[in-house]
Amino acid sequence: MAQLLSVNSTAPPPLPERTRRIPSRSVPDISDFEARFRFHGILELPFPEPYTPCKKTYPSALVAKQPRESPPPPPPPRRQRPSLPAL
């Protein structure tokens, strides 16, 4: 492939080879995480409230349906009186 490129080519130089492997920290070590914190057992947690079917309300949706009042117009600009000549 290098023979196909001319001397005036703008192709980038080849990348250098890696000499050592960089460790990946994208997957956390679970045992280290669990050692740093204390977690409650499942029997220590309270039971959830029983489900009761009810109509759901969304107050923000009610506000969005109401027409918005437009703000009052700004007051007209005040006209300045011409200054009177000093006596």
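1. The protein exposes about 11000 Å², of which carbon and sulfur atoms supply 61%, the areas coming from the Shrake-Rupley method with a 1.4 Å probe. This is a predicted model, in which local features need pLDDT of at least 70 and side-chain atom pairs count only at pLDDT 80 or more, while totals for chains use all residues. Residues are numbered from 1 along each chain, and side-chain values use heavy atoms, without hydrogens or water.

2. Of the 87 residues, 0% count as buried (under 20% relative accessible area; exposed means over 50%). The protein has two helices and zero strands, as DSSP runs of at least four residues (H or I) and at least two (E), respectively.

3. The structure holds one salt bridge, a Lys or Arg side-chain nitrogen within 4 Å of an Asp or Glu carboxyl oxygen. Arg38 forms a salt bridge with Glu44, with 3.7 Å between the closest N and O atoms, and Arg38 counts as exposed because its relative accessibility is 63%.

4. Phe39 lies in the loop between helix H1 (30-36) and helix H2 (59-65).

Note on methods. Buried < 20%, exposed > 50% of the residue type's maximum accessible area, 1.4 Å probe, protein only.
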